[in-house]
Amino acid sequence: MKKKGKPVKKSQVEVNHLILPHETTPRGYVLGGIVMQMVDMAGAIAAHRHSRRMVVTASMDRIDFLHPIKVGHLMILKASVNYVSRTSMEIGVKVFSENILTGRQQHTASAYLTFVALDDNGMPTPAPKLISKTREERRRSRKAQMRRRARLREIKAKRR
Ligand SMILES: CC(C)(COP(=O)(O)OP(=O)(O)OC[C@H]1O[C@@H](n2cnc3c(N)ncnc32)[C@H](O)[C@@H]1OP(=O)(O)O)[C@@H](O)C(=O)NCCC(=O)NCCS
């Protein structure tokens with residue numbers, strides 16, 4: 001049975017991470033794989049918080065790196081549930097860099113991920129409905145539904 005709904009705000013996540021030398025290229029810029037790992041992590045925390053279940057990453061849509069993040073700067077990840085279907089949840093993750101000396105922030109990447117809630121046997125299980133309260137949350141939810149339809153069409157086409 002589908003559980004009661006949960007507002008978007010209840011599962012929103014902000015992760016702050018200081019970039020250290022072992023996470024960077026020889027030029028001192030963070031490795032793309034580190035950003036992707038942190039994006040997955042921030043998205044998973046939001047999915048856990050929303051569903052209060054174990055979750056798996058079913059997919060990560062394309063990710064574009066708009067600006068580099070330098071060693072010694074902060075990587076800030078903001079994750080939010082955009083849409084819940086039945087067992088799957090689309091989470092949007094936005095990545096920012098922050099110069100800790102000046103406080104200047106830059107949007108450096110964004111990604112959409114789909115997580116699936118699992119029951120105690122590791123099988124997909126319904127997640128609570130998402131309650132979108134603001135106009136912006138409803139807009140994100142509509143966009144996420146369109147992306148989900150496109151994603152499922154793509155998966156179907158690949159299987160043919
Ligand atoms: C994700 C997974 C649980 C889906 O299992 P499945 O047998 O296809 O289950 P279902 O067909 O019931 O799909 C479950 C949900 O996932 C969604 N889904 C499945 N594959 C998907 C994909 N590639 N992208 C987005 N959503 C997907 C389905 O649409 C469905 O959503 P809904 O219940 O909200 O309608 C399974 O494929 C899996 O375990 N994959 C490996 C996950 C993994 O190891 N991740 C990386 C490390 S954590």
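Predicted model: local features only at pLDDT ≥ 70, side-chain atom pairs only at ≥ 80, totals over all residues.

Residues are numbered from 1 along each chain as its sequence is written.

**Overall fold**

- Along its principal axes, the C-alpha trace spans about 50 × 40 × 30 Å.
- Of the 160 residues, 32% count as buried; a residue is buried if 20 or more other C-beta atoms lie within 10 Å of its own, exposed if 12 or fewer, and partly exposed in between, with C-beta atoms placed from the backbone.
- Among contacts between residues at least 6 apart in sequence, 73% join residues at least 24 apart, a contact being a pair of residues whose C-beta atoms, placed from the backbone, lie within 7 Å.

- Helix H1 (32–51) has 20 residues and reaches 28 Å from its first C-alpha to its last, close to the 28 Å expected at 1.5 Å a residue; the expected span is 1.5 Å times one less than the number of residues.
- The buried residues of H1 are Val35, Met38, Val39, Ala42, Gly43, Ala46, Ala47, His50 and Ser51.
- An α-helix has 3.6 residues a turn, so residues three or four places apart point the same way.
- Helix H2 (135–159) has 25 residues and reaches 37 Å from its first C-alpha to its last, close to the 36 Å expected at 1.5 Å a residue.
- H2 is hardly covered, with two buried residues among its 25.

**The nonpolar core**

- The largest nonpolar core holds 33 residues, of which Val39, Ala42, Met75, Leu77, Ile91 and Val93 touch the most other members; such a core is a set of buried Ala, Val, Leu, Ile, Met, Phe, Trp, Tyr and Cys residues joined through C-beta atoms within 7 Å.
- At least two residues of this core come from each of helix H1, strand S5 (74–84), strand S6 (88–98) and S7.
- Leaving aside residues up to four places away in sequence, Met75 touches His17, Ile19, Val30, Met38, Ile69, Val95 and Ser97.

**Single residues**

- Ile76, placed in strand S5, is buried because 20 other C-beta atoms lie within 10 Å, and beyond four places in sequence this residue touches Glu14, Asn16, Phe96 and Glu98.
- The C-alpha atoms of Ile76 and Leu18 are separated by 8.8 Å, although the two residues are 58 residues apart along the chain.
- Arg52 lies in the loop between H1 and S3, takes a positive phi of about 50° just after H1, and is partly exposed, with 14 other C-beta atoms within 10 Å.
- Gln12, in the loop between strand S1 (6–7) and strand S2 (13–18), counts as partly exposed because of its 15 C-beta neighbours inside 10 Å.
- Apart from neighbours within four places in sequence, Gln12 is in contact with Ala46 and Ser80, and its C-alpha is 9.6 Å from that of Ile91, 79 residues apart in sequence.
- His67, in the loop between strand S4 (64–65) and S5, counts as partly exposed with 13 C-beta neighbours inside 10 Å, and beyond four places in sequence this histidine touches Ser97, Gln106 and Thr108.

**The ligand shell**

- The ligand is surrounded by 14 residues, the closest being Ser59, Ser85, Arg86, Thr87 and Ser88; a residue is near a molecule if its C-beta atom, placed from the backbone, lies within 6 Å of it.
- Strand S3 (54–60), strand S7 (105–118) and helix H2 each supply at least two residues of this shell, and the largest share, four residues, comes from S3.
- The shell divides into six nonpolar, six polar and two charged residues, where Ala, Val, Leu, Ile, Met, Phe, Trp, Tyr, Cys and Pro count as nonpolar, Asp, Glu, Lys and Arg as charged, and the others, Gly among them, as polar.

Note on methods: Contact = placed C-beta atoms within 7 Å.
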